[in-house]
Each structure stands twice: as structure tokens, then as C-alpha cells.
Amino acid sequence: MAYGSGVLHRLPLHLPLHASFSSSRVSCFTRHLPQGPRFQVCCASLDHKIKDISQVTKPQQSQTWKIKMLYDGECPLCMREVNMLRERNQAYGTINFVDISSNSYLPDENQGLDYKTVMGRIHAIQSDGIIYTDVEAFRRLYEEVGLGWVYYITKYEPISTIANAVYRIWAKYRLKITGRPSLERILESKKNIKVRTSNSCYNALLCISCIIVTL
């Protein structure tokens, strides 16, 4: 190594340089040295390595679900059906379950459907953005987990009209049936919680500011 290094420093700059590049094999630079052994400097091509790194740092983002179910996580009867569908969905992975009662629920991520709207009746959102409601929503959800036969008959009239009428009665009185307050009271309660949370955050920031100023 010492011999090669010393020879390199003594080489004139006008000597010819031959190089060969490849993205799949090692590239070599060679010089024919006068009165000495052939000197070879090898360096690994970085083209394929850079590609490998980019594949690691940018994982593929694939969307496997086909339909999104907006459900009320505070409804005990609703949760029985949701849990059944969730268990079936383990083998399919086609349903994305979204709890509208969660504080993290965002209408902007769900076709602009706000809490009050989705509390009125069942909503399902297909991956292409199409919204389904009432019995049609249930039928689409059941089809995605291999239970389409349950609601198959609701495709036809007059069964479809009758089924939707029955469901709307249930949706209208489900809060009362399950022993929960009215929708207006629930909305008011959520509004108060948001106000208290905002005030708490403001007070915390104010205290931190006072401490920083004191220091």
C-alpha cells in the first residue's frame, strides 16, 4: 500500500485515465504505471445503493380498506354489531372502523360529515368517496366481510323501502332506547368539554410563560 501511494504522488497529471462504470458491479479506475506494477483503484458504484436506501426511507403506503364505517362508540347496541364486523374483518381487512364519538374524529377526513350528521343515522364511505346511508350502508359493509346474503333481499322493492323505514325509526329513538340523553344534550356536553379543554390548555401555557419570565 505504501508503494502504490508513493507512486501515485509522483505521477504526472497528464497520464491517461481509463474508467468503466456500472450500476450493478464494481467500477474500477486503472493506470499503467511506468517501471512498476499495474496499480488499480476500485470503488463501489453507489447507484444501486442509493435506490436501496430510498426504498427503506420511503415505505410503500398501500390502502387495503374498501369501505369506512362511521359508528357511535358510546352506543352499547351498536357496538355489538361493530364488534362482530370487526372480528369478521380480521380475515378480510376491507373495513376501516371510525369512532365518531372519539375526540380525534375529524369531519375533514370523512367527506365533511360532522358529528351531528353521523349521529342521526349510519354512514359508510367507500374508498372512492361515495357515501352510503341507512340499510344500504349495512349491506355494503356486510358484503365486504362475506355476509352479503344477510341484506341481499334489501336490494329489491318493496323490501328496500320497508327496511329503510324500520331502520329510521330505530335511528330516531336509539338514544332513548339505550338510556342515553338526547342528541341536543350530548352536543351541548361535548361543546362544554371542548371549552374546558381549551381553557385548561390556555392556563397551562400562561403558567409556563410566567415561569419563563421569572427565570
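A: The chain has seven helices and seven strands. Helices (H or I, at least four residues) and strands (E, at least two) are DSSP runs, numbered from the N terminus. This is a predicted model: local features need pLDDT of at least 70, side-chain atom pairs count only at pLDDT 80 or more, and totals for chains, interfaces and linings use all residues. Residues are numbered from 1 along each chain as its sequence is written, and side-chain values use heavy atoms, with hydrogens and water left out.

Start with the overall order. Along the sequence, the pattern reads α-β-β-β-α-β-α-β-α-β-β-α-α-α. The chain has 215 residues, and 29% of them count as buried. Buried means under 20% relative accessible area, exposed means over 50%, and partly exposed lies in between (1.4 Å probe, protein chains only).

Which residues of α3 are buried? They are Cys78, Met79, Val82, Leu85 and Asn89. These residues cover an arc of only 125 degrees around the axis, so they lie on the same side of α3. The arc is that of the directions from the helix axis to the C-beta atoms. The face turned away from this buried side carries the exposed residues Arg80 and Glu87.

What covers the buried residues? The cover of α3 includes β4 (67–71), β5 (95–99), α5 (134–143) and α6 (159–177). Two of these deserve a visit.

Beyond its neighbours within four places in sequence, isoleucine 95 is in contact with Trp65, Ile67, Met69, Asn89, Leu141, Glu144 and Val145. Asn89 in that list is one of the buried residues of α3. Isoleucine 95 and isoleucine 125 are 30 residues apart in sequence, with 9.8 Å between their C-alpha atoms.

Next comes α5. Seven of its ten residues are buried, so this helix is mostly covered. They are Asp134, Val135, Ala137, Phe138, Arg139, Leu141 and Tyr142. Their cover includes α3 in turn, along with β4, β5, β6 (123–126), β7 (131–133) and α6.

Most residues other than glycine have a negative phi, and most peptide bonds are trans. Aspartate 134 is not a glycine, yet its phi is positive, at about 55 degrees. With a relative accessible area of 2%, aspartate 134 is buried. A cis bond occurs too. The peptide bond from glutamate 157 to proline 158 is cis, with omega near 5 degrees. Proline 158 lies in the loop between α5 and α6.

Finally, look at the space beside the helix. A pocket is found on a 1 Å grid over the protein atoms alone: an open set of points where a 1.4 Å probe fits, with protein on both sides within 12 Å along at least five of seven lines. The second largest pocket holds about 210 Å³ of space. That volume is the space filled by probe spheres set on the points, which are joined across faces, edges and corners. Lining residues have an atom within 4 Å of a point. There are 18 of them, and Cys78, Ile122, Phe138, Tyr167 and Arg174 lie nearest the centre. The elements giving two or more residues to this lining are β4, α3, α4 (115–120) and α6. α6 gives the largest share, four residues.

What is the lining made of? It divides into 13 nonpolar, one polar and four charged residues. Ala, Val, Leu, Ile, Met, Phe, Trp, Tyr, Cys and Pro count as nonpolar, Asp, Glu, Lys and Arg as charged, and the others, Gly among them, as polar.

Notes: Contact means heavy atoms within 4.5 Å.
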